[in-house]
Amino acid sequence: MVALLWQMTTFDVLALSGKYNEKRMKETKLHCKRTHITRRNATSLFLFLSSSIPFQSQQAYAAESSILDMFRMTVPDQTVEEAENGIREHAMSLVQVKDLLELESWKEAQKELRKSASYLKQDIYTIIQGKPGMERPQLRNLYSKLFNDVTGLDYAARDKDVPRVWKLYKDIVVTLDDILSKV
């Protein structure tokens with residue numbers, strides 16, 4: 001009991017006794033604001049800590065770089081050649097969602113759509129990054145349209161909106177043909 005009372009703050013004691021006042025509440029709120037970790041603070045701390053990695057030994061760098069790879073968002077670990085070889089296969093798996101849509105197997109269609117779209121997204125992004133600067137804007141627009149339609153198809157399948165599913169599916173096929181002809 002004494003240990004419990006020792007850990008309690010003045011605010012806890014006053015709150016239990018019913019004798020807390022407005023001033024004490026404001027002090028507590030200010031105290032909470034000073035110890036609150038925001039996203040900006042966390043990001044700054046992460047960047048500060050990760051900036052010292054290149055100065056460490058090679059073994060320590062290898063261990064910590066695997067941790068940093070989890071946060072990789074933009075640069076995929078594949079070459080343009082690998083992406084060009086895999087893009088047709090992943091595009092075909094995206095188009096083959098049609099079979100599941102015809103059966104109105106909505107959950108399975110959504111799962112397959114998400115899986116194949118993620119691989120295709122990585123391939124197309126890698127190819128776009130390997131293209132010269134003048135060709136990128138057109139491919140980025142097609143990339144954006146394709147994956148907006150994929151997201152729309154996912155939502156339409158969730159809502160079991162059959163006419164919208166087929167409209168979006170046709171748009172996806174047309175956009176994929178456009179992308180594959182430019183790649």
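A residue counts as buried when its relative accessible area is under 20%. L153 has a relative accessibility of 2%, so L153 is buried. The model described here is predicted.

## Overall make-up

The protein has 10 helices and zero strands. Read from the N terminus, its elements run α-α-α-α-α-α-α-α-α-α. Of the 183 residues in the protein, 27% are buried. Among contacts between residues at least 6 apart in sequence, 61% join residues at least 24 apart.

## The nonpolar core

The largest nonpolar core holds 30 residues. Within this core, the residues with the most contacts are L94, L101, L120, I124, L146 and F147. At least two core residues come from each of helix 6 (80–95), helix 7 (97–102), helix 8 (106–130), helix 9 (136–159) and helix 10 (162–182). Helix 9 gives the largest share of this core, with nine residues.

One of the residues with the most contacts inside the core is L94. Apart from its neighbours within four places in sequence, L94 is in contact with L113, S116, A117, L120, V150, I172 and L176.

Which residues does L153 contact, leaving aside its neighbours within four places in sequence? They are L101, L113, V165, L168, Y169 and I172. For L153 and I172, which are 19 residues apart along the chain, the C-alpha atoms are separated by 9.0 Å.

H90 is a residue of helix 6. With a relative accessible area of 18%, under the 20% limit, H90 is buried. Not counting residues up to four places away in sequence, H90 touches S116, Y119, L120 and D123.

## Helix 8 against helix 9

Two packed helices are described by the angle between their axes and the distance between the axes. The axes of helix 8 and helix 9 come within 10 Å and cross at roughly 170 degrees. Because angles over 145 degrees count as roughly antiparallel, helix 8 is roughly antiparallel to helix 9.

On the helix 8 side, the residues that meet helix 9 are W106, Q110, L113, R114, A117, L120, K121, I124, Y125, I128 and Q129. On the helix 9 side, they are R136, L139, R140, Y143, L146, F147, V150, L153, D154, A157 and R158. The residues of this contact comprise 14 nonpolar, two polar and six charged. Among the nonpolar core residues with the most contacts, L120, I124, L146 and F147 are also part of the contact between these two helices.

## Aromatic pairs

A pair of aromatic rings is described by the distance of the centres and the angle of the planes. The count of aromatic pairs comes to two. Their values are listed below.

| Pair | Distance of ring centres | Angle of ring planes | Kind |
|---|---|---|---|
| Y143 and F147 | 5.1 Å | 65 degrees | edge-to-face |
| W166 and Y169 | 5.8 Å | 80 degrees | edge-to-face |

Why is the pair of Y143 and F147 edge-to-face? Planes over 60 degrees apart count as edge-to-face, and the planes of Y143 and F147 are at 65 degrees. The planes of W166 and Y169 are at 80 degrees, so this pair is edge-to-face by that rule too.

Y143 and F147 both belong to helix 9 and are four residues apart, about one turn of the helix. F147 is buried, at 8% relative accessibility. W166 and Y169 are three residues apart in helix 10, which puts about one helical turn between them. W166 has a relative accessible area of 25% and is partly exposed, whereas Y169 is buried, at 8% relative accessibility. Y169 is also one of the residues in contact with L153.

## Two loop residues with positive phi

E104 lies in the loop between helix 7 and helix 8. The phi of E104 is near 55 degrees, a positive value in a residue other than glycine. Is E104 buried or partly exposed? At 45% relative accessibility, E104 counts as partly exposed.

K160 lies in the loop between helix 9 and helix 10. K160 is not a glycine, yet its phi is positive, at about 55 degrees. The relative accessible area of K160 is 54%, and a value over 50% means exposed, so K160 is exposed.

Key:
Residues numbered from 1 in each chain as written. Predicted model: local features only at pLDDT ≥ 70, side-chain atom pairs only at ≥ 80, totals over all residues. Heavy atoms only, no water. Core = buried A, V, L, I, M, F, W, Y, C linked by side-chain atoms within 4.5 Å. Buried < 20%, exposed > 50% of the residue type's maximum accessible area, 1.4 Å probe, protein only. Contact = heavy atoms within 4.5 Å. Axes fitted to C-alpha atoms, helices over the stretch in contact; angles between N-to-C directions. Parallel < 35°, antiparallel > 145°, perpendicular 65-115°, else oblique. Nonpolar A, V, L, I, M, F, W, Y, C, P; charged D, E, K, R; others polar. Phe/Tyr/Trp six-rings, centres within 6.5 Å; stacked < 30°, edge-to-face > 60°.
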